[in-house]
Amino acid sequence: MSPPTVWNFSAGPAMLPQSVLEEAAAEMLDWRGCGMSVMEMSHRGPEFTQIIETAEADLRGLLAIPDDYRVLFMQGGGVAENAIVPLNLMRGFTRAAFVDTGIWAGKTIREFGKYGNVHVAATASQACELDGRVYQPYAYIPPESAWDVPAEAAYLHICLNETIGGVAFAEPPARDFGVPLVADVSSTILSRPLDVSRFGLLYGGAQKNIGPAGLTLVIVHDSLLDRALDVCPSAFNYRTVADNGSMYNTPPTYAIYIAGLVFQWLKRQGGLTAIRALNQAKARLLYDTLDASDFYANPIVPAHRSTMNVPFRLRDESLNELFLTRAQQRGLLQLKGHKSVGGMRASIYNAMPLAGVQALVEHLCDFEKDFG
Ligand code: PMP
């Protein structure tokens, strides 16, 4: 296997494992002797049935998903789920609660306003003092002890990893708030073990840790399948999708196939415990490098730093373009921060090997030597 010539730090669509791309390339024209490409198969035929059933079984194994949860392969992405979730869960309710941790949680909250009354259970919108240091708004997760969740809320929504802000829950909330917990896991799913039973519903776009954009993964507890509003489109109704094995309409078949290859790759890596150890080692190396220098800065409370998305700034922002050009010359791609916040961001999802982070760290050190 030839190593990639570039390291891609995109926040998503993001790097996929090299071996998965190679397998897909080898099978592109003829999937396992059937004479068809996966893209050409009927989603109801025996070949694709095998692909989707294997993918679901592997995912269930990786995340130890209990039997009373359904796995749905849908379309629409994380943004569409901001509408699809309330359409599915608001029957008989007027409001839901949200923890406002940043840009993605904020989008969820704004979209929900079309379907019910927003109750902000906690927000990180104010600067906060922790251990004698002042942290800027959205640089921390609000302490769970102060969350205010009304008993009559339809659900409590959190975003487990804020992809733009680089702030993440170290663990799911420990408290049981008495209402179903719903989480956007777009940029953290499969990066570590997760106790699915703590949640009523998990959703995420595939294009970070799962596979190609176009696939949305939903994991939902049986008890939440019959709370949809009458206006919920059938193709997005969790009960309808679940009862039809994600085949009520044509699912994103090729994306599901690639996701299945990624799940098998994850199993070969040793599953989520092993991938967590690798992800922690990558993140530690990068954060330690940033922290050891006053040329670079990461603004997030250390305990709430994302292991997937690492935003950072150069002290002298007039060097930003040069930093990116030099990075590109070394094959380090897509390090520019999100347009809404500027600076830099290195996304280091599962498929990014330690060697990629080491190459970035070398660039950070060399650039500081030259310009610090
Ligand atoms: N939630 C989070 C946490 C995300 O990172 C993203 C995409 N970056 C989204 C939602 C939106 O996903 P999509 O663009 O697939 O709708």
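Which residues in α7 meet which residues in α9? The legends below take up this contact and several other close-up views of the structure, which is a predicted model.

**View A. Packing of helix α7 against helix α9.** In α7, Leu278, Lys282, Leu285, Leu286, Thr289 and Leu290 meet Leu354, Val357, Gln358, Leu360, Val361, Leu364 and Cys365 of α9. By class, this contact is made up of 10 nonpolar, 2 polar and 1 charged residues. The two helices, α7 spanning residues 271-291 and α9 spanning residues 354-371, pack at an angle of about 0°, and their axes lie 10 Å apart. Because angles under 35 degrees count as roughly parallel, α7 and α9 are therefore described as roughly parallel to each other.

**View B. The largest nonpolar core and the surroundings of Leu63.** The largest nonpolar core holds 67 residues, of which Leu63, Leu156 and Leu190 touch the most other members. Helix α6 (residues 253-268) contributes the largest share of this core, with 11 residues. Apart from this core lies another, of 29 residues, which includes Leu290, Val310, Ala346 and Ala359. When neighbours within four places in sequence are left aside, Leu63 is in contact with Ile189, Leu190, Leu194, Val196, Ile219 and Leu272.

**View C. Helix α6 and the glycine that follows.** Helix α6 has 16 residues and reaches 23 Å from its first C-alpha to its last, which is close to the 22 Å expected at 1.5 Å a residue. Since 13 of the 16 residues of α6 are buried, this helix is largely enclosed by the rest of the structure. Gly270, which follows α6, has a positive phi near 105°.

**View D. Ser197 in its loop.** Ser197 is placed in the loop between β10 (181-184) and β11 (201-205), and with a relative accessibility of 44% this residue counts as partly exposed. Leaving aside neighbours within four places in sequence, Ser197 is in contact with Pro66 and Tyr69.

**View E. Backbone geometry in three loops.** A cis peptide bond, with omega about -5°, joins Gly12 and Pro13, and Pro13 is placed in the loop between β1 (7-8) and α1 (18-26). Ala64, although not a glycine, has a positive phi of about 50°; this residue is in the loop between α2 (46-63) and β2 (69-74) and is exposed, with a relative accessible area of 58%. Gln334, likewise a residue other than glycine, has a positive phi near 60°; Gln334 lies in the loop between β15 (332-333) and β16 (344-347) and, at 48% relative accessibility, counts as partly exposed.

Technical notes. Residues numbered from 1 in each chain as written. Predicted model: local features only at pLDDT ≥ 70, side-chain atom pairs only at ≥ 80, totals over all residues. Heavy atoms only, no water. Core = buried A, V, L, I, M, F, W, Y, C linked by side-chain atoms within 4.5 Å. Buried < 20%, exposed > 50% of the residue type's maximum accessible area, 1.4 Å probe, protein only. Helix = DSSP H or I, 4+ residues; strand = E, 2+ residues; numbered from the N terminus. Contact = heavy atoms within 4.5 Å. Axes fitted to C-alpha atoms, helices over the stretch in contact; angles between N-to-C directions. Parallel < 35°, antiparallel > 145°, perpendicular 65-115°, else oblique. Nonpolar A, V, L, I, M, F, W, Y, C, P; charged D, E, K, R; others polar. Expected span 1.5 Å × (residues − 1).
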